[in-house]
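Me: I have a model open and want to go through some of its local geometry. Can you start with the terms?

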Amino acid sequence: MTPEATLEALFTSQDIKAEWFVAEFLAQVPITQLRIIISDVKKQLGSYQGVQKNGNDYVVNFSQGDLPTKIVLNNEGKITGLLLQPPNLKVNSLSDAVVEFQKLPGKVSFIVKENSSTLAELNSKTPLAVGSAFKLAVLNTLKTQIVSGKKSWENVVRLQAEDKSLPSGILQNWSDNSPLTLQTLASLMISISDNTATDILIKQVGRESIESNSSRNIPFLTTRELFILKSSQNRDLLQRYRNSNEKQRRALLTELAQKPLPNVSEFEGTLPNALDVEWFYNAEELCELIKEVADLPLMSINPGVANPNDWQRVAYKGGSEPGVLNLTTWLKGKNGKEYCVAATWNNSDAPVDELKFSALYGGVISFLASHRK
């Protein structure tokens with residue numbers, strides 16, 4: 001069968017058969033899990049409508065949304081690779097999207113900008129915890145120092161044991177003293193949200209330099225410091241930090257530096273943990289931050305939920321931890337106009353539904369691609 005016919009069979013058949021896949025694929029993703037995933041997609045997106053080719057990939061259309069998909073078949077027509085990307089809910093208008101965001105439990109901040117005009121917004125001036133989206137502020141400071149000649153993308157620094165943080169990322173597993181350029185560090189920080197790369201860059205540009213444009217986040221924490229503060233082994237430190245003024249908090253950071261990094265397993269749960277200790281920005285600020293760095297090629301390595309084929313250029317950074325989710329995207333349309341879509345969801349009482357949120361957010365971007373030409 002063709003890829004189109006295979007995808008149609010996957011989303012219309014009552015029984016998804018194991019013989020449609022090579023054994024190596026099913027060893028990684030069991031057929032029972034696949035059936036659950038596809039069933040969940042159909043429940044969320046409605047009835048199957050068809051398949052469209054999109055470059056080398058495909059989009060599966062449903063009555064209530066679309067599912068970007070990658071599929072690879074062998075010579076026998078069996079599936080050797082299948083990647084279901086975040087779905088996009090159908091959004092009929094930006095005002096409808098605002099209504100849907102308002103229904104989410106907890107706090108939501110949302111904005112859509114076209115050039116300097118606001119097309120839609122919800123609590124866009126309300127600061128919320130944004131997870132790794134704070135790395136836009138680190139990159140912004142780095143870019144400023146490079147433009148001024150203070151630093152260069154080619155500058156090399158060495159990976160130190162005390163800079164290593166917890167995932168996401170890969171540098172925590174690299175050998176001490178590994179040489180890394182600022183370009184490499186910035187690319188890893190943005191494209192795969194490498195926490196160790198981020199902490200090295202915070203040290204390189206200077207905590208105070210970032211704080212000068214981030215007055216709500218003082219002292220500006222590294223990811224390592226955040227993990228130590230949120231560790232169950234350091235509840236006393238967390239309480240002291242909460243009850244301290246700026247000077248006392250800065251002194252506490254010296255104490256944190258002597259603490260061991262907690263085990264990553266502590267942070268693999270789904271319950272929100274100390275969301276008052278985070279990085280806080282509102283939607284408008286995130287749009288300003290991403291606008292300043294959108295021209296950097298590294299900002300387009302990971303396009304997030306946007307389809308790069310729909311745009312001249314895409315820049316993206318998101319962030320999450322249990323109870324926190326942010327998606328921030330800068331777009332240059334084929335009409336030459338610039339757009340920003342930033343959305344943040346905080347819920348201190350329960351985990352956030354990442355699939356639901358990203359599907360609605362992706363629907364907003366798809367709406368812009370088709371209606372703002």
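Reply: Contact here means heavy atoms within 4.5 Å. Helices (H or I, at least four residues) and strands (E, at least two) are DSSP runs, numbered from the N terminus. The model is predicted: local features need pLDDT of at least 70, side-chain atom pairs count only at pLDDT 80 or more, and totals for chains, interfaces and linings use all residues. Residues are numbered from 1 along each chain as its sequence is written, and side-chain values use heavy atoms, with hydrogens and water left out.

Me: OK. What covers the buried residues of α9?

Reply: The cover includes α7 (195–205), α8 (207–211), α10, α11 and β12 (313–321). Buried means under 20% relative accessible area, exposed over 50%, partly exposed in between (1.4 Å probe, protein chains only).

Me: How many residues of α9 are buried?

Reply: 8 of its 8 residues, so by that cut-off α9 is mostly covered. Among them are Arg224, Glu225 and Lys230, along with Leu226, Phe227 and Ile228.

Me: And which residues are buried in α10?

Reply: Leu237, Leu238 and Tyr241, in a helix that runs over residues 235–242. Seen down the axis of α10, these buried residues fall within an arc of 100 degrees, so they line one face of the helix. The arc is taken from the directions from the helix axis to the C-beta atoms. Their cover includes α9 (223–230) and α11 (246–256).

Me: Switching topic. How many disulfides does the structure hold?

Reply: The structure holds 1 disulfide, counted as a pair of cysteine sulfur atoms within 2.5 Å. Cys287 is joined to Cys340, with S to S at 2.1 Å. The pair ties together parts that are 53 residues apart in sequence, because Cys287 lies in helix α12 (residues 283–293) and Cys340 in strand β14 (residues 338–346).

Me: Left-handed or right-handed?

Reply: The torsion about the S-S bond of Cys287 and Cys340 is about -90 degrees, so the disulfide is left-handed.

Me: Are those cysteines buried or exposed?

Reply: Cys287 is buried, at a relative accessible area of 4%. Cys340 counts as buried too, at 4% relative accessibility.

Me: Now Asn88. Where is it found?

Reply: Asn88 is in strand β5 (residues 88–89) and is buried, with a relative accessible area of 9%.

Me: What does its side chain make a polar contact with?

Reply: The side chain of Ser366, at 3.4 Å. A polar contact is a pair of N or O atoms within 3.5 Å; within protein, one must be able to donate a hydrogen and the other to accept it, and residues adjacent in sequence count only if both atoms are side-chain atoms. Leaving aside neighbours within four places in sequence, Asn88 is also in contact with residues including Ala359, Gly362 and Gly363.
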